[in-house]
Amino acid sequence: VSRVIPVDTFDLVIFGGTGDLARRKILPGLFRRYCAGQMPPEAQIIGAARSEMTDDEYRAFVREAVDEFGSTPHEPGQFDAFLGRVGYQRVDAKGSDGWEDLGARLRDDAVRAFYFSVGPALFGDLAERLRTFGLATQDTRIVVEKPFGHDLQSARALNRELAEHFNEGQIYRIDHYLGKETVQNLMAVRFGNMLFEPLWNAQHVDHIQITVAETVGVGGRGGYYDKSGAMRDMIQNHLMQLLCLIAMEPPARFEPDSVRDEKLKVIRALDPVEPHHVVRGQYAADENQPGYRAHVEDPRSTTESFVALKAHISNWRWAGTPFYLRTGKMLRARTSEIAVVFKDAPHSIFGAEAGRHRNMLAIRLQPNEGMTLDVTIKEPGPGGMRLVDVPLDMSFADALGPDGADMPDAYERLIMDVIRGNQTLFMRGDEVEAAWAWTDPIIESWARRGDVPKPYDPGGSGPDDALMLMHRDGRRWRDIK
Ligand code: NAD
């Protein structure tokens with residue numbers, strides 16, 4: 001039985017339809033939704049970019065992209081039928097070429113969505129032309145990619161530019177982390193169970209750690225990355241969103257503004273971060289590969305490829321409970337997880353020799369998505385009451401069967417949400433600004449102090465100072481594995 005609910009018919013225009021993101025994620029994702037039966041047969045996908053291309057040439061481009069980046073088992077003829085829904089229109093985001101022709105391809109009775117898969121410098125130009133050439137209807141949606149600004153000022157400027165032509169209910173700011181099935185599962189775990197929520201506060205939780213580790217370096221993206229760094233590229237958006245979902249109050253309903261209001265309150269309740277509670281790192285060379293600086297233009301670059309920090313949320317629920325965040329490139333394993341470490345039992349009836357034991361709930365976002373709850377039990381044997389922590393382990397693939405492992409990719413999910421008109425998993429403008437307002441002073445303090453990131457060995461867990469950040473508090477990071 002298919003659990004897929006088809007969306008209304010739509011015209012989706014992908015500005016930047018010949019770009020890297022379109023090739024890797026958007027186009028293969030649309031094909032998979034088509035095969036899953038979610039995309040109505042009359043839906044239209046129009047690639048739009050600067051190059052001159054015919055519809056057929058673009059179809060060949062789409063076929064290659066899907067083959068390379070994620071086809072899915074399909075029936076004979078299905079690929080051609082999908083490509084029959086695809087077209088191409090040359091447009092100039094900075095001029096007037098192509099806009100009227102693009103408008104002529106759009107239908108009045110279909111949901112209309114424009115995906116801005118181009119650099120943010122073009123967002124304002126595109127929004128303005130959609131309006132002036134009459135392509136934007138009352139119910140048109142626009143989808144904008146990260147990075148949403150470089151700091152608070154530029155994010156505000158982008159929000160203002162978009163707001164001149166679209167209202168907030170039409171603007172879908174993508175943070176693809178929110179589209180991950182396991183990230184949404186955070187809300188299901190917290191608010192669908194009786195077991196966790198009563199303990200989910202400073203009284204019972206010792207600390208929370210959030211790790212997003214990558215094994216890759218900056219590679220060919222060095223030019224872009226060097227102007228950004230881990231704080232802007234990961235903490236301000238992805239880790240911040242995870243922090244919000246873990247820390248927010250229960251929204252009254254699972255509805256866009258209820259959820260986003262609660263997330264915003266978390267960001268606004270974050271204390272400014274003490275400079276000595278932040279560790280920056282930059283990966284060094286080893287015998288196998290060059291270090292960070294070899295991939296970027298500036299051989300003395302002080303951009304960080306790693307950040308660890310300790311954050312505090314000043315509200316009733318979390319006062320006194322630290323949140324440790326860590327992300328970096330070229331680390332030991334590719335892993336994303338959130339660990340909620342509970343406090344020790346208030347009194348041990350087993351005496352000091354039983355040792356310290358505590359419960360820990362780890363939610364793995366990738367790989368091998370699932371959850372582990374460490375529970376303390378008696379170590380078997382006759383030697384008295386010795387205790388040991390053992391995991392109650394669950395992987396979604398095991399628990400849910402093949403369907404559990406076959407989760408739609410984040411982009412697939414989010415694009416379908418755009419067509420449905422559901423903004424729950426998209427960032428609101430005020431959220432993005434609040435997140436920048438929190439990260440800006442940290443970045444400014446580095447610049448002011450001429451801070452140089454600590455070098456760290458590839459394949460490890462970041463600079464030693466990051467370990468010290470926790471050790472000083474009598475705590476330790478979970479292993480990156
Ligand atoms: P890209 O450089 O590969 O593609 C840019 C696209 O924009 C091309 O199709 C190009 O033709 C089009 N374009 C450029 N100038 C234009 C103009 N004046 N008029 C019309 N079209 C024009 O970029 P990308 O990697 O696909 O990234 C697109 C956006 O997505 C960026 O904002 C990027 O930060 C973001 N993003 C990319 C990735 C990724 O994996 N590539 C991941 C997350 C976010």
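Helices here are DSSP runs of H or I with at least four residues, and strands are runs of E with at least two, numbered from the N terminus. This is a predicted model, where local features need pLDDT of at least 70, side-chain atom pairs count only at pLDDT 80 or more, and totals for chains, interfaces and linings use all residues. Residues are numbered from 1 along each chain as its sequence is written.

**View A. H176 sits in a loop between strand 6 and helix 7.**
The loop runs between residues 171-173 and 181-192. An unreviewed UniProt entry lists H176 as "binding site", along with K180, E214, D233 and K329; such annotations may be inferred rather than shown by experiment. H176 is partly exposed because it has 19 C-beta neighbours inside 10 Å (20 or more would be buried, 12 or fewer exposed, with C-beta atoms placed from the backbone). Beyond four places in sequence, H176 is in contact with A410, Y411 and L414 (contact means C-beta atoms, placed from the backbone, within 7 Å).

**View B. K329 lies in the loop between strand 10 and strand 11.**
Buried or exposed, then, is K329? K329 is buried, since 24 other C-beta atoms lie within 10 Å. Leaving out residues up to four places away in sequence, K329 touches E214, V216, G217, V218, Y283, S305 and F306.

Strand 9 (306-311) pairs with strand 10 in the antiparallel sense over six bridges, and A308 stands opposite R326.

Note on methods. Two residues are in contact if their C-beta atoms, placed from the backbone, lie within 7 Å. Two strands pair if DSSP finds at least two bridges between them.
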